[in-house]
Amino acid sequence: MRVLIDSNVLISAALFPNSVPCRAYMKAAVYPYHGMICEQNVDEIKRIFNKKFPHKMAALDAFLSVALMTLELVPVPTKTPDAEERIRDIKDRPILRAAIEAEADILVTGDKDFLESGIKHPRIMSPGEFVSYK
């Protein structure tokens, strides 16, 4: 099962190794799941850490080096799917686009725009829902 992990989950996982988002990341990274991250996520994570947590950039680099060995890095396509209009924040739309193009079964996110979008495929789950998912 293919799982794309959103930036907010990865940021929390990097900052709080005992958190639910970290458990969701670790679950997505091992069989029977196939964890993915898109290029937009990596750029966003670096930008946010640089702005809010500049003193933790070394920890982020270490986290990303492991994450990028265990997760597939998928591109963000330029083709816009119809479902993208359901995402209010245009900055989040490329993440949905990448999930659809990479044929993700699940998108794990803490973002309400995704969680309340009504999108059926990929299935949108919070980190807690994914951790409990069988």
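Good morning. The protein carries 18 positive and 18 negative side chains, and the centres of the two sets lie 5 Å apart. Lys and Arg count here as positive and Asp and Glu as negative, with His and the chain ends not counted; each charge is placed at NZ of Lys, CZ of Arg, CG of Asp or CD of Glu.

This is a predicted model, in which local features need pLDDT of at least 70 and side-chain atom pairs count only at pLDDT 80 or more, while totals for chains, interfaces and linings use all residues. Residues are numbered from 1 along each chain as its sequence is written, and side-chain values use heavy atoms, leaving out hydrogens and water.

Let me turn to the fold. There are seven helices and five strands, taken as DSSP runs numbered from the N terminus (helices H or I, at least four residues; strands E, at least two). Their order from the N terminus is β-α-α-β-α-α-β-α-β-α-β-α.

Next, the interior. Buried residues, those under 20% relative accessible area with a 1.4 Å probe and protein chains only, make up 46% of the 134 residues.

Thank you.

How values were computed: Buried means under 20% relative accessible area, exposed over 50%, partly exposed in between (1.4 Å probe, protein chains only).
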